[in-house]
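I opened this entry to keep track of what I looked up. My notes follow in the order I took them.

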Amino acid sequence: MTLKPRLFPSNQNLTNDIRNALRPDRSIPALLAGTLTGILQIALSISFAALIFRGEIAADLPRGIGMALFSATIGLGITSLLTSCSAILGGNQSAPAAIMGVMAAGIAGIAIGGETRLATVAVAVALTTLITGVSLYGLGAFRLAGLARFLPYPVAGGFLAGTGWLLVVGGIGTMAHRTFSFTGLPALFDPNTLILWLPGLILGAAILILAARIRHYFLMPAVLIAIIVGFYLIARLAGLSASELSADGWLLGPFPTGGLWQPISMAELSIVDWRAIWPQLPHLISAVVITTIALLLNATGLELAINRDIDLNREMCVAGVTNMAAGVGAGLVGYLQLGTSTLNERMGAASRLTGFTAAAISGVTLWMGGAVLGFVPTVVFGSLLIYLGLSLLWEWLVVAWKRLPTVDYLIVLLILAVIATAGFLEGVLVGILATVILFVVSYSRTSVVKHTLTGTSFKSRVTRSPEDRALLEAIGDQAYLLQLQGFIFFGTANSLLDKVRDRVCDVPTRYVVIDFRQVIGLDSTALLSFNKMAQTARAGNFTLVFSGLSGKLQTRFEQGGLREEAGVVRYAHDLDHAAEWCEDQLCANQRDDSARKSLLDYLMAIAPQPATERLIGYMEREVLDAGEHLIRQGVESDHLFFLESGQLTARLENPDRPPVRLETMQGGHAVGELGFYMGTRRSAAVVVDRPSVIYVMSKATLDRLEKEDPEAAYIFHRIIIHVLGERVLHLVRAIDALQS
């Protein structure tokens, strides 16, 4: 069995996809959606490039746009070819671009020299994209995509809110031509700088409001066109030429004519300042983590939007291949885009042709569009970045206020604050740490005790004599039984210790049973609490009984100092045997064994009639040795038995498994009555535990009894009804105890 999921679609599936894509009713929407998607990808690519290449490296923006367009083209083409769902479109993404913007700013502050700075930023971007691609492919190839779903929801929300913040300040910095910082806020509000970014901030907020009210795929292209037209109308009224606008920082560029993409050359590799890259390693790791999370969030959201399952592991592999290919050309990190993919589906253009069309448009721009892009206003892409950032902040600061519990919402705010003031990785680590601490505190308050029982409310499967049953009713509370569940660590184990200590202080207790059958795990520090519990048992004169431990867990207990010790620690196979041992000890200390009862004594206690004595005369008395089978499983039910003394056990026997105990019976108990009355085969076997005396009633004898002594027969049936009633009552009480 291979770990690697199928990456390429089968020939049959690919043929069907191509045939469907070429149908007129599918190809026309696909070409339209592809054209629209291609234009949006160009706008996003320029925005993300401007987010990275700003401040001291703003002069190298043309190179950055080429890098972004290259990865957009690669992402659209490869994703459309390899995806498991033809509606999926890939492309550059805002979250990793925001992190790359932080990396680029850090490198620009260390690397010296324009060429060295550019080469170092380009290599850092390439490494981030390559490593992200390898990581994503590894997760998908080893089918580990589902593990990322274990990341706490508020932490993912904090990441996205922090990304929104980085996009907003990145958009402001792009338009203001300076890196955003809290210490540099006064400079941002200088009138000459304020006029550069404030309109973009207002436009970004306006786009957010429009997008919430108007859900149409032409909205974004229409808004972008309107901003460009409005910008040039205002510039014309102000009498400003294109050269003046460019000189004042209102336009992108200037760009060289011809193609934009330039691969990293050997000459550039030779001048890379590696000492400026290593400090960015935490941000690189953050980019990998946030990309993995965001990809899965996008995939899950798309599943809900299109009502179709997506192969997460395969999409991880596709994103991995895409980013490895983009990384070779120093492209940006990209993966499945939720918005354009949903748009593709809703336009009825869910075919691979859509992605190929968009890739062609992006590729043509990459190859030929440098000079034209120089006339695009910076406010267009600044406002687009601010819109993307505000949408994330709105989702996780406003909408989440009503949706998330208060504690989870505070974690989102904490992560956002740390990202804004300290850094992205610091925010990630603080968020995870805060979530872990809250989980530990919350789980410590959650009791691992599933059921709290006593020897009065819960009995073993041993059916005892009426005297022993009455005795256990009176003193059964001296046995305290706790059924545990889940995972036990130091917090919950300490709460359990306090619970046991409170119990033995408040109520006379001789036995404390701790059942681990439903425990899934236990950490090493929890053993300390159980050692303290054993010390309490030694000082408080009660016996601690551990039941249901696996062999591995019992070995850990014994290695931790919790070995069997008379009167202090004892191990039992399961809760039933632990309860039986406690009952034996309680009864042995109170029972008067000098007065042994006969079967007549037992039956007279139920039906004190003269006919009861006559009934005994109709039954045959037998003496059985330990180990004998009184009843064989599966045989005819021709006889009913009464146990006078000794002990019998009913059990299920299977040749492939050990016998399963159903019930252990002692003096005065009826055996085999159900099969005897219903005429069915024996559903279980009954074996002799120790030398026993029984009385046998056959069907033939019962028929004779009913004819010869109807009164004694009536007493017989009355006794059986009493026995069955006691059994039902015992079962009901056990169920009530376990449900309480």
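I started with the contacts of Phe-53, taking contact as heavy atoms within 4.5 Å. Leaving out residues up to four places away in sequence, Phe-53 touches Ala-58, Asp-60, Leu-61, Gly-64, Met-67, Leu-118 and Val-121.

The model is predicted: local features need pLDDT of at least 70, side-chain atom pairs count only at pLDDT 80 or more, and totals for chains, interfaces and linings use all residues. Residues are numbered from 1 along each chain as its sequence is written, and side-chain values use heavy atoms, with hydrogens and water left out.

Next I looked up the cores. A nonpolar core here is a set of buried Ala, Val, Leu, Ile, Met, Phe, Trp, Tyr and Cys residues joined through side-chain atoms within 4.5 Å. Buried means under 20% relative accessible area, exposed over 50%, and partly exposed in between, with a 1.4 Å probe and protein chains only. The largest nonpolar core has 117 residues, and Phe-53, Leu-332 and Tyr-387 have the most contacts inside it. Helix α18 (residues 378–403) gives the most to this core, 13 residues. Another core, of 31 residues, lies apart from it and includes Val-448, Leu-484, Met-533 and Ala-537.

Then I turned to strand β5. Helices (H or I, at least four residues) and strands (E, at least two) are DSSP runs, numbered from the N terminus. I found β5 (residues 479–488) mostly covered, with eight of its ten residues buried. Two strands pair if DSSP finds at least two bridges between them. Strand β3 (residues 449–454) runs antiparallel to β5, joined by five bridges. There, Leu-453 stands opposite Leu-481. With strand β6 (residues 511–522), β5 pairs in the parallel sense over nine bridges. Ile-488 stands opposite Leu-522 in β6.

How is the β-α-β unit of β5, helix α22 and β6 handed? I noted it as right-handed, with α22 spanning residues 490–506. Right-handed means that, with the strands pointing away from the viewer, the path from the first strand over the helix to the second runs clockwise.

I also checked helix α19 (residues 406–421). Its 16 residues reach 22 Å from first C-alpha to last, close to the 22 Å expected at 1.5 Å a residue. The expected span is 1.5 Å times one less than the number of residues. Among its buried residues are Tyr-409, Val-412 and Ile-419. Just after α19, Gly-423 takes a positive phi of about 155 degrees.

Last, I looked for disulfides, pairs of cysteine sulfur atoms within 2.5 Å. I found zero. Cys-317 is buried at 1% relative accessible area, while Cys-505 is exposed at 66%.
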